[in-house]
Amino acid sequence: MCGIVGYVGHRQVLPLLMEGLRRLEYRGYDSAGVAVIQGGRLAVVKKQGKVRELDAALPVAGLSGSVGVAHTRWATHGEPSDANAHPHTDAGDRIGVVHNGIIENAAELRARLVADGVVFRSQTDTEVLAHLIAARPENSLVDAVRAALRQVKGAYGLAVVDAARPEAIVAARNGGPVVIGVGEGEMFVASDAVALLGHAKTVVHLDDGELAEVRADGFSVATLEGAETRKIPQALEGEASGFDRGDFAHFMKKEIAEQPEALRRTLLGRLDHRFSTAHLGGIELAAREMLDIRRVKILGCGSAYYSGVLGAHLIETLARIPAHAEPASEFRYRNPVIEQDTLYVAVSQSGETFDTLAAIQEVKRKGGRVMGVINAVGSTIARECGRGVYLHAGPEVAVVSTKTWTCTATAFALLALQLGRVRDLSAAQGARLLAGLSALPDQIAEIIAREAELAPLAARLAGSQHAYFIGRSAGFAVAMEGALKLKEISYLHAEAYAASELKHGPLALITSQTPVLAVLPDDDLLAKNLSTIAEVRTRQGPVLAITHPGVYAPDVEAAFAVPRSEPELDPILLNIPLQLLAYQVAQGLGREIDQPRNLAKSVTVE
Ligand code: G6P
């Protein structure tokens with residue numbers, strides 16, 4: 001989704017802004033632009049399309065100056081076009097604004113400005129801001145922005161420059177993330193700390209309702225009402241190398257390959273062999289508090305939700321606490337009952353998904369207690385939760401989630417184990433699971449090394465328009481995630497269905513043209529799954545399977561067997577071939593794997 005980067009300092013700003021934009025590309029966008037204060041005026045170049053097209057549109061000599069802002073836009077108000085790309089400026093091309101979010105009263109403000117004679121050059125809500133700020137009489141840019149924002153309703157993360165007052169960038173936040181990167185004699189502003197890796201060692205996160213005046217030699221933060229707030233810079237975690245594809249054709253492939261290492265980091269220091277349990281210090285729950293939990297509710301969107309479905313299954317199985325996952329995007333709108341003795345768990349890779357944030361704010365508002373399972377350290381949801389589990393999976397750049405799904409599912413296994421061990425899960429059971437968890441990274445590496453064996457399954461899926469992914473119980477969570485992955489990057493219609501439900505409807509659609517991929521572990525439900533497969537074969541449906549070695553399934557046309565883990569952990573391994581399968585199908589169809597059409601890495605708007 002939209003990305004912001006800004007710089008004020010002593011270096012030439014353009015290369016820094018372009019590098020920042022490239023780092024933000026992974027979020028998904030449809031246009032990009034830069035504004036640089038050059039010789040006392042604002043030079044703006046913006047372009048529909050990719051950052052490389054913006055690069056090509058820049059003057060041969062570049063833009064010269066040491067203050068500027070840049071943006072990648074994901075269209076909400078107004079189609080993707082050069083004119084609608086940010087930065088937006090006032091009529092005098094003095095004020096430049098880059099903005100993430102939606103100004104809800106833009107139409108009303110626009111009508112008022114038009115009546116005053118302002119001529120608009122775009123269809124965006126953001127342009128309103130540039131005109132409002134330019135019209136303010138205040139002496140300083142920060143005061144002018146503050147006054148303009150008082151007239152605005154809606155969500156924003158934004159950065160503003162003024163060619164007439166080039167000493168500072170003003171940044172503000174209300175719902176859209178903004179971080180300030182602290183350098184020596186230079187400062188950065190961004191919507192995502194990844195844009196600052198390698199440049200700033202420490203960062204400051206703005207909170208909602210705050211504005212920052214960012215100068216080369218420092219910054220000050222105050223609220224919209226004008227009260228100063230004290231901010232303590234925090235270390236910026238992460239390596240710029242996470243944003244380098246290396247020899248991999250796609251980030252998705254790289255991130256699939258990184259899973260063994262990422263998972264080792266998720267497990268590091270959290271396996272307590274002495275007491276045969278897991279130790280998640282960040283959840284800040286004493287044993288007695290864990291005993292008081294009567295229910296667990298997991299909230300997330302997309303893949304995060306599906307990892308939560310598996311997480312709920314793990315918690316219910318191991319800790320015997322009723323647990324349920326629900327899309328955060330639905331939960332927040334249905335006036336949910338919030339219970340004192342329920343533990344609410346927000347799941348998010350980016351920690352910025354708006355629906356998930358809104359859902360947990362609703363829980364907190366009603367007095368519920370929330371923890372997060374998050375990858376991005378210091379992200380909005382992580383800070384809103386205040387406690388939880390960080391995945392330490394490293395940056396995930398491809399829009400689709402792979403390594404973070406695996407690490408999230410494993411974090412839930414750790415949580416389930418820890419909750420289980422304060423309840424009825426025996427030490428022997430705990431030790432069995434710890435051994436299973438420790439073996440996962442090498443088992444994942446083994447699956448990845450056998451990727452070529454998936455080719456017959458990929459060929460069958462690539463040749464069809466529709467496919468069903470089926471599984472029972474925890475296998476259904478795997479089927480849902482597998483189908484989502486295939487849809488997202490191959491654009492084939494893949495629908496996940498509980499295997500038990502197939503005969504209650506979709507069986508009517510099964511023909512020789514609708515392959516069915518079965519998640520088929522060698523567990524208690526194997527016989528049931530084999531019956532469902534037989535029903536599909538009777539209707540000529542081709543069946544593919546992700547299964548275990550030694551499973552006899554004569555009705556299956558092509559299968560891939562994953563190594564056995566402990567039964568509760570099997571779903572984590574069963575999902576890995578589905579990532580590779582989606583990748584192979586999408587690659588065969590020539591799709592844009594890392595940035596699928598219409599999708600964004602983190603959806604920071606409603
Ligand atoms: C978007 C992405 C999905 C992702 C979801 C949740 O919809 O396209 O791939 O699963 O957001 O993202 P989060 O960062 O909250 O895990």
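Predicted model: local features only at pLDDT ≥ 70, side-chain atom pairs only at ≥ 80, totals over all residues.
Which residues line the largest cavity? The lining is C2, R73, W74, T76, H77, H86, H99, G101, T124, D125 and T126. By class, that lining has two nonpolar, seven polar and two charged residues. The volume of the largest cavity is about 70 Å³. In total, the structure holds four cavities of 30 Å³ or more.

Next, the second largest cavity. The space in there is about 50 Å³. Its lining is R27, N100, G101, A155, Y156, G175, G176, P177 and T604. Two elements give two or more residues to that lining: β6 (95-103) and β7 (154-162). Note G101.

Now the ligand. There are 13 residues around the ligand, and S303, S348, Q349, S350 and T353 come nearest. By class, the shell divides into five nonpolar, six polar and two charged residues.

S348 puts a polar side-chain atom 2.6 Å from a ligand oxygen. For S350, a polar side-chain atom also lies 2.6 Å from an oxygen atom of the ligand. S303 uses its backbone: a polar atom there is 3.0 Å from a ligand oxygen.

Last, how much of the ligand's accessible area does the protein cover? On its own, the ligand has 390 Å² of accessible area, and the protein covers 90% of that.

That's my tour. Over to you.

Key. Residues numbered from 1 in each chain as written. Heavy atoms only, no water. 1 Å grid on protein atoms, 1.4 Å probe; cavity = no way out; pocket = protein on both sides within 12 Å on 5 of 7 lines; lining within 4 Å. Points joined across faces, edges and corners; volume = space filled by probe spheres on them. Nonpolar A, V, L, I, M, F, W, Y, C, P; charged D, E, K, R; others polar. Helix = DSSP H or I, 4+ residues; strand = E, 2+ residues; numbered from the N terminus. Near = heavy atom within 4 Å. Polar contact = N/O pair within 3.5 Å; in protein donor to acceptor, adjacent residues only side chain to side chain. Areas by Shrake-Rupley, 256 points an atom, 1.4 Å probe, with all protein chains shown as cover.
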